[in-house]
Amino acid sequence: MPSLHYCFDDQSVTDTLHVLAVPAFNDNYLWLIHDGASAAVVDPGDAAPILAALHEHRLALTAILLTHHHGDHIGGVPALLDRFDVPVFGPRHDGIAAVTQPLGEGDVVAVPGLDLTLSVLDVPGHTKGHIAYHRAGSEPWLFSGDTLFAGGCGRLFEGTPAQMAASLDKLAALPPATQVFCAHEYTLSNLRFAAAVEPDNEALRARSEVETAKRARGVPTVPSTIALERATNPFVRYREPGIEAELAAQDKVSPGAPPLAVFAALREWKNVF
């Protein structure tokens, strides 16, 4: 991915908060939330691009927020802690030794140094202890890690289809305007799969055109919105009769299969798509 930073502004607060997308590895996004002086980082899998962004934007790191234990999300934490004495917020049940502020469903984080409060949601499936961070209000945000992607969802490395389906249902119930800051640039491949699942979905066709044009310009396809995911993401839409019918036509489920069987078949199909 290009070594560029993209800033998404929230104009609804007096001291404007910015969300800075910091590309890393081949397809990760590391997120810096800042107000022009202080910054919190979400899922810093690599310290180097975060340190570069902090230096470039003259920001002081005040907190680290983690969603789950995979290395491309926590790998940069030790090096950042070598430079900054900051709290590390993260899931209570995901085995991350660096976490100093363990979190779970219903906890609320007042992010140090920022006028920002985030609610914690348990969203197991990708890992057993995965959490997400949600900001409510007129400009809501969701930092979904590897649970909800733009147009897709994470692989089931540790959890079950039932857990992931319930987690996605929980996220899909958030306000439609919620901006979804996921951790990977997987959107085009996700939408190609979605088109195979729902070939007659006009909203999906329109989204594919928009996102393809963004990538042609080198622009991120994220953040998405909950409204867009409800309209186009098959892992959110797995109860739609047309999706069940398509999977049945592909001999991936029996006709009339229950929704959870459809979801499990969707995830299995995506694994080999």
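On a 1 Å grid over the protein atoms alone, a cavity is a set of points where a 1.4 Å probe fits but cannot get out; a pocket is an open set with protein on both sides within 12 Å along at least five of seven lines; lining residues have an atom within 4 Å of a point. Keep that rule at hand for the stops below.

**Before you start**

This is a predicted model, in which local features need pLDDT of at least 70, side-chain atom pairs count only at pLDDT 80 or more, and totals for chains, interfaces and linings use all residues. Residues are numbered from 1 along each chain as its sequence is written, and side-chain values use heavy atoms, with hydrogens and water left out.

**Stop 1: the whole chain**

Colour by pLDDT, the predictor's confidence in each residue, from 0 to 100. The mean is 95, and 95% of residues reach 70 or more. Now select residues 10-15. Here pLDDT stays under 50. The model has nine contacts (heavy atoms within 4.5 Å) for this stretch beyond four places in sequence. Where pLDDT is low, the predicted coordinates should not be read in detail.

Switch to cartoon. Nine helices and 15 strands make up the secondary structure. Helices (H or I, at least four residues) and strands (E, at least two) are DSSP runs, numbered from the N terminus. The C-alpha trace spans about 55 × 40 × 35 Å along its principal axes.

Show accessibility next. Buried residues account for 53% of the 273. Buried means under 20% relative accessible area, exposed over 50%, partly exposed in between (1.4 Å probe, protein chains only). Of the contacts between residues at least 6 apart in sequence, 58% join residues at least 24 apart.

**Stop 2: the largest cavity**

The protein has two cavities of 30 Å³ or more. The largest holds about 40 Å³. Grid points are joined across faces, edges and corners, and a volume is the space filled by probe spheres set on the points. Select its lining: Tyr29, Trp31, Val42, Asp43, Phe143, Ser144, Gly145, Phe181, Cys182 and Ala183. Strands S3 (28-34), S11 (141-145) and S14 (179-182) each give two or more residues. S11 gives the most, with three. By class, the lining has seven nonpolar, two polar and one charged residues. Ala, Val, Leu, Ile, Met, Phe, Trp, Tyr, Cys and Pro count as nonpolar, Asp, Glu, Lys and Arg as charged, and the others, Gly among them, as polar.

**Stop 3: the largest pocket**

This pocket holds about 210 Å³. Of its 16 lining residues, select Phe149, Cys153, Gly154, Arg155 and Tyr186, the closest to its centre. Helices H5 (187-197) and H9 (259-272) each give two or more residues to the lining. The classes are five nonpolar, six polar and five charged.

**Stop 4: two residues on H5**

Stay on helix H5 and pick Asn190. Asn190 is buried, at 3% relative accessible area. Beyond four places in sequence, Asn190 touches Phe149, Ala150, Gly151, Gly152 and Lys270.

Move along to Ala196, also in H5. Ala196 is partly exposed, at 24% relative accessibility. Leaving aside neighbours within four places, Ala196 contacts Glu246, Trp269 and Phe273. Finish with a distance to Asp107, 89 residues away along the chain: the C-alpha atoms of Ala196 and Asp107 are 39 Å apart.
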